[in-house]
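I opened the model and kept a running notebook. The entries follow the order in which I looked things up.

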Amino acid sequence: QLSTSQSENNPSLIASDIARYQERIVREMAKPGMIGRFGHAKNDELQPYHLHNAVWSALVNGAAVMPMDWNDGGDWPYMTPEMYSHLKHLATFTEHFDIHKMELNPTELDAPSKTKAWAMLGAHQGFGWILNSNNETISQDEKIYIQTGKNSKFKVEWYNTWSGEFIQTDFIWAANNTLEIPVPEFENDIAFLHTEIRKDFENEDFVELDGWEILSSNWEIVD
């Protein structure tokens, strides 16, 4: 367990701080870890951005438990209903996969300029989060890149972290062992799931792969 009071008044930097601490936990301790305390002081205008960025950064950097926001009702304000709603949106996202059964590794991604992007990646499935540190809307012309180690077909599902809804699904082929993913237009941040798809030639169906599932011998990578 680590604690931090750095970036207590900067919602953008708190995401990078959480990512750095989680990377240290994974690298130095090689066991599940968490940020036991973080928070913001004397500035309610920073919320829910500060909490929002901290918990999403923790998720995509391998945290065993979401970081704990420090609240004492004085200099460190209590949680608000809006802040709780953002935790619910994160929980809704995680309901779509079983992270405990997935062999994932935290990775910082190549991302559009003026953004930061992190992901938890496995052999067949993963998820990630892109943070916009700029006030301008990120256009649909931007892309992120994931090294897949294979040329295969993937389903990419985009998640609005502020409304708690999946907003778009894309089907993309990896080429040269790289998944090149066009990013939807967004403002503050956006999350995604990606899942490899293989074809069951016996039934002529496409099958989504969970990272931990043992495949039938009839299933082959779609070329």
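Below are my notes on helices, strands and charged pairs.

**Ground rules**

I am working on a predicted model, so I take local features only at pLDDT of at least 70 and side-chain atom pairs only at pLDDT 80 or more, while totals for chains, interfaces and linings use all residues. I number residues from 1 along each chain as its sequence is written, and my side-chain values use heavy atoms, with hydrogens and water left out.

**Helix α1**

I started with α1, residues 11-29. I take helices (H or I, at least four residues) and strands (E, at least two) as DSSP runs, numbered from the N terminus. For the expected span of a helix I use 1.5 Å times one less than its number of residues. The 19 residues of α1 should span 27 Å, and the end C-alpha atoms are 27 Å apart, so the two agree.

Next I checked burial, where buried is under 20% relative accessible area, exposed is over 50% and partly exposed lies in between (1.4 Å probe, protein chains only). The buried residues of α1 include Pro11, Ile14, Ala15 and Asp17. Ile18, Ala19, Tyr21, Gln22 and Ile25 are also buried there. After α1 comes Ala30, and I note its positive phi, near 50 degrees.

I moved on to α2, residues 49-59. This helix is mostly covered, with 10 of its 11 residues buried. Among them are His50, His52, Trp56 and Leu59.

Then I took α3, residues 81-94. It has 14 residues and reaches 20 Å from first C-alpha to last, close to the 20 Å expected. I find Met83, His86, His89, Leu90, Thr92 and Phe93 buried in α3.

How many bridges join β4 to β5? I count 7, and the strands run antiparallel. My pairing rule asks DSSP for at least two bridges between two strands. β4 covers residues 115-121, and β5 covers residues 125-132. With 3 residues between them, the two strands form a hairpin. Thr115 stands opposite Asn132 in β5.

I then looked at the faces of β5. Gln125, Phe127, Trp129 and Leu131 point one way. Gly126, Gly128, Ile130 and Asn132 point the other way. Both sets are buried, and I log β5 as mostly covered, 8 of 8 residues.

**Phe171**

I looked up Phe171 and placed it in strand β8, residues 165-173. Which residues does Phe171 touch, not counting those up to four places away in sequence? I list Lys153, Phe154, Lys155 and Ile197, with contact meaning heavy atoms within 4.5 Å. I also noted Ile181, 10 residues from Phe171 in sequence and 9.5 Å away, C-alpha to C-alpha.

**Salt bridges**

Side chains of opposite charge can pair when their charged atoms come close. I searched the whole structure and found 5 salt bridges. The test is a side-chain nitrogen of Lys or Arg within 4 Å of a carboxyl oxygen of Asp or Glu. I wrote up three of the pairs.

Arg20 bridges to Asp17, with the closest N and O atoms 2.9 Å apart. Both lie in α1, 3 residues apart, about one turn of the helix. Arg20 is partly exposed at 42% relative accessibility, whereas Asp17 is buried at 6%.

Lys143 and Glu180 meet at 2.5 Å, N to O. Lys143 lies in strand β6 (residues 143-147) and Glu180 in strand β9 (residues 178-182), so the pair ties together parts 37 residues apart in sequence. Lys143 is partly exposed at 32%, and Glu180 is partly exposed at 36%.

Glu196 and Lys150 meet at 3.2 Å, N to O. Glu196 lies in strand β10 (residues 189-200) and Lys150 in the loop between β6 and β7 (153-160), so this pair ties together parts 46 residues apart in sequence.

**Glu196, a second look**

Is Glu196 buried or exposed? I log Glu196 as buried, because its relative accessibility is 0%.

A polar contact of 2.6 Å joins the side chains of Glu196 and His124. For such contacts I require a pair of N or O atoms within 3.5 Å; within protein, one must be able to donate a hydrogen and the other to accept it, and residues adjacent in sequence count only if both atoms are side-chain atoms. The Glu196 and Lys150 side chains are also joined by a polar contact, of 3.2 Å.
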